[in-house]
Amino acid sequence: MTDAHCHVVRGEARHFLCEPFGDLRGVPPPRCAGAGDSPRDVFFFGWHPWFLDGFDADALRRRLAERPDAGVGEIGLDRLRERTIPQAMREAFEMQLDIAAELSRPAVLHGAKCWGEVVKACVPRAGRIPAFLFHGFSRSAGLLPDIVRINGFVSIGPALLNDHAVNYRELAKAVPADRVLVESDATGETAAKLPRAGEIADFLADLRGVPRSEMASVLESNADRFAECCLRRGATRLLCRVNEVKGEIMPRSRPVEGP
Ligand SMILES: [Zn+2]
């Protein structure tokens with residue numbers, strides 16, 4: 001199973017890992033006890049809207065240049081902590097979206113209590129940013145057509161298991177089957193008490209009235225399509241080939257002349 005958004009290696013077959021909160025030092029992400037290597041993991045680098053102290057767009061550009069197979073994230077806007085969105089937060093988000101567009105990397109988005117504004121910022125960059133992952137998306141289904149139009153995916157999180165999350169469950173049913181993913185959003189601190197991606201997937205299958213095995217394969221094929229946007233980019237730059245048997249990325253030694 002793929003955990004479509006987390007900040008820690010949890011022992012899943014694949015993680016879409018956002019480096020912990022804009023930490024661009026290049027240190028490996030934390031790892032839960034007993035979690036082995038996941039060679040299919042995909043990395044995302046960026047400045048989370050809660051942790052913009054020392055924001056440095058050039059550092060992000062450099063980090064992405066080192067890793068042509070990485071995306072941009074977790075980036076976005078947030079109104080959980082303050083009622084209005086600070087100007088510096090908007091600017092950091094816009095700059096990071098521009099970097100993603102310039103380098104044609106997929107983006108993992110955060111938009112607590114301001115998803116409409118996040119979507120609005122993404123629309124003009126659709127296409128140049130090959131795909132978007134709406135992580136923790138919890139708005140009503142009204143934005144889903146726009147999200148689909150810009151090649152967006154919506155990852156469903158642990159809140160699904162909360163019996164009070166009536167609206168969230170409705171949303172989880174409404175996300176088109178070819179757009180849905182599951183995520184834990186686990187960090188080093190929260191991982192122990194959060195459900196695994198597989199538990200969320202099983203719950204989602206029951207909720208949507210599809211067999212669990214079918215749900216699992218739909219989720220994997222969606223995750224593959226999202227990940228390809230990174231791998232394709234890496235393939236152009238590094239002439240990586242995907243070893244489908246092992247699911248590993250094997251860089252070849254010869255550099256390519258790219259566009
Ligand atoms: Zn997160």
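This passage describes the fold of one protein in a predicted model. Residues are numbered from 1 along each chain as its sequence is written. Because the model is predicted, local features need a pLDDT of at least 70 and side-chain atom pairs count only at pLDDT 80 or more, while totals for chains, interfaces and linings use all residues.

The pLDDT, which is the predictor's confidence in each residue from 0 to 100, averages 87 over the protein, and 86% of the residues score at least 70. Over residues 235-259 the pLDDT is below 50, and this stretch has 26 contacts in the model beyond near neighbours in sequence; two residues are in contact if their C-beta atoms, placed from the backbone, lie within 7 Å. Where pLDDT is low, the predicted coordinates should not be read in detail.

The protein contains seven helices and 10 strands. These elements are DSSP runs numbered from the N terminus, with helices (H or I) of at least four residues and strands (E) of at least two. Of the 259 residues, 39% count as buried. A residue is buried if 20 or more other C-beta atoms lie within 10 Å of its own, exposed if 12 or fewer, and partly exposed in between, with C-beta atoms placed from the backbone. Among contacts with a separation of 6 or more, 69% join residues 24 or more positions apart.

Eight strands form an open sheet with parallel pairing, in the order β1-β2-β3-β4-β5-β6-β7-β8. Two strands pair if DSSP finds at least two bridges between them. β1 (2-6) and β8 stand at the edges with a single partner strand each, so one side of each has no neighbour in the sheet. From one strand to the next, the twist averages 25 degrees.

Five of the five residues of β1 are buried, so this strand is largely enclosed by the rest of the structure. β1 runs parallel to β2 and is joined to it by three bridges, with C6 opposite L17 in β2. Strand β2 (residues 14-18) is in turn joined by three bridges to strand β3 (residues 42-45), again in parallel, and L17 stands opposite F43 in β3.

Strand β7 (residues 152-156) is also mostly covered, with five of its five residues buried. G152, V154 and I156 point one way from β7, whereas F153 and S155 point the other way. On one side, β7 pairs in the parallel sense with strand β6 (residues 132-135) over four bridges, and L133 stands opposite F153. Together with helix α4 (residues 144-149), β6 and β7 make a right-handed β-α-β unit. A crossover is right-handed if, with the strands pointing away from the viewer, the path from the first strand over the helix to the second runs clockwise. Three bridges join β7 to the parallel strand β8 (residues 180-182). The chain reaches β8 from β7 through helix α5 (residues 166-174), in a β-α-β crossover that is right-handed.

The largest nonpolar core has 64 residues, and A107, V154 and V182 have the most contacts inside it. Such a core is a set of buried Ala, Val, Leu, Ile, Met, Phe, Trp, Tyr and Cys residues joined through C-beta atoms within 7 Å. Helix α7 (residues 212-238) supplies the largest share of this core, eight residues. Not counting residues up to four places away in sequence, A107 touches G71, V72, G73, I75, L97, A100, I129 and F132.

Terms used
Axes fitted to C-alpha atoms, helices over the stretch in contact; angles between N-to-C directions.
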